[in-house]
Amino acid sequence: MLSILRVLLMRMRMRNRYFEMHTVLSRLNTVFAFTLSVLAATTFCCFLTTAFNSNFTPSDLQAGRVIVKNVPDFTGDRDRNDLALLTFDLKANLTPLFNWNVKQLFLYVMAEYRSPNNVRNEVFLWDKVLLRDENAVLEYNNMNTDYYFFDDGVGLKSNKNVTLTFYWQIIPNAGQTPRIHSTSQIVEFPDRYIAIKE
């Protein structure tokens with residue numbers, strides 16, 4: 001009889017230890033971890049609904065007037081560098097790119113070229129953030145660049161292989177941020193500098 005009482009007491013103590021291990025904080029931690037796991041799985045499923053959509057739409061980029069100047073570099077040792085001034089036309093209908101998972105588009109025009117100083121040069125010329133509620137039909141004529149087109153030397157004059165490219169990057173609510181290469185145009189730069197007033 002005494003042994004049965006001992007066994008019952010041991011079981012009651014073990015049962016109490018089991019209930020003591022599950023405090024309010026440990027239970028909240030379990031609920032929080034489970035909630036995060038469910039949210040992560042739901043976000044991944046939402047990403048899958050748009051993961052295989054086409055992110056391409058046709059566009060047209062044409063370079064306009066191009067001039068090259070040789071100007072002093074005021075940021076460094078005052079050597080003279082090439083500065084290009086150009087205009088471009090851009091036409092694109094980006095409406096098909098927007099779906100429930102697209103928060104905004106980051107659009108930009110970039111110039112890529114070779115020069116005697118560098119094998120590969122990439123210069124951002126223009127950019128725009130297009131939000132979901134904005135008009136996604138672009139028709140720009142004779143647009144000036146937003147940023148200066150400097151070369152770190154004299155690699156722009158007579159350069160026959162400057163490629164202007166229109167890109168966009170999709171910023172989603174959930175998932176990857178793909179960079180899409182849309183259209184390109186090779187531009188020949190002039191053989192002479194335009195005189196500047198000093």
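Me: A salt bridge is a side-chain nitrogen of Lys or Arg within 4 Å of a carboxyl oxygen of Asp or Glu. With that in mind, which residue forms a salt bridge with Arg120, and how far apart are the closest N and O atoms?

Reply: Bear in mind that this is a predicted model. Glu122 is a salt-bridge partner of Arg120, and their closest N and O atoms are 2.6 Å apart.

Me: How many salt bridges does a search of the whole structure find?

Reply: The search of the whole structure gives 3 salt bridges. Besides the two already described, the side chains of Asp191 and Lys160 meet in a salt bridge at 2.9 Å, N to O. Asp191 lies in the segment after strand 8 (179-187), and Lys160 is in the loop between strand 6 (149-150) and strand 7 (162-172), so this pair ties together parts that are 31 residues apart in sequence.

Me: Are Asp191 and Lys160 buried, partly exposed or exposed?

Reply: The general idea is to read the relative accessible area: under 20% is buried, over 50% is exposed, and values in between are partly exposed. Asp191 has 51% and is therefore exposed, whereas Lys160, at 38%, counts as partly exposed.

Me: Which residues do salt bridges that share partners join into one network?

Reply: That network is made of Glu112, Arg120 and Glu122. Its members can be read by accessibility too: Glu112 is buried, with a relative accessible area of 18%, while Arg120 counts as exposed at 60% and Glu122 as partly exposed at 39%.

Me: Turning to nonpolar side chains, which residues form a nonpolar patch on the surface?

Reply: The patch consists of Val24, Leu25 and Leu28, which together have about 350 Å² of accessible area. To take one of them, Leu25 is found in helix 2, residues 24-50, and is exposed, with a relative accessible area of 66%.

Me: How should I read the aromatic rings, and what is the count of aromatic pairs?

Reply: The angle between the planes decides the class, with planes under 30 degrees apart counted as stacked, over 60 as edge-to-face and the rest as tilted. The count here comes to 11 aromatic pairs. In one of them, the rings of Phe56 and Trp168 have centres 6.3 Å apart and planes at 35°, so the pair is tilted. This pair links distant parts of the chain, 112 residues apart, since Phe56 is in the loop between helix 2 and strand 1 (59-72) and Trp168 is in strand 7. Phe56 is partly exposed, with a relative accessible area of 46%, but Trp168, at 0%, counts as buried.

Me: What kind of aromatic pair do Trp126 and Tyr140 form?

Reply: Trp126 and Tyr140 form an edge-to-face pair, with 5.7 Å from centre to centre and 65° between the planes. Here too, distant parts of the chain are linked: Trp126 is in strand 4 (residues 121-131) and Tyr140 in strand 5 (residues 137-144), 14 residues apart. Trp126 is buried, with a relative accessible area of 3%.

Me: Which residues do ring pairs link into a cluster, and which residue lies over the face of Tyr167?

Reply: The cluster contains Phe106, Tyr108, Phe124 and Tyr167. Over the face of Tyr167 lies Arg179, at 4.2 Å from the ring centre.

Definitions and conventions:
Residues numbered from 1 in each chain as written. Predicted model: local features only at pLDDT ≥ 70, side-chain atom pairs only at ≥ 80, totals over all residues. Heavy atoms only, no water. Buried < 20%, exposed > 50% of the residue type's maximum accessible area, 1.4 Å probe, protein only. Helix = DSSP H or I, 4+ residues; strand = E, 2+ residues; numbered from the N terminus. Patch = residues over 30% accessible without salt bridge, like charges linked within 9 Å, V, L, I, M, F, W, Y side chains within 5 Å. Areas by Shrake-Rupley, 256 points an atom, 1.4 Å probe, with all protein chains shown as cover. Phe/Tyr/Trp six-rings, centres within 6.5 Å; stacked < 30°, edge-to-face > 60°. Lys NZ or Arg CZ within 6 Å of the ring centre and 35° of its normal.
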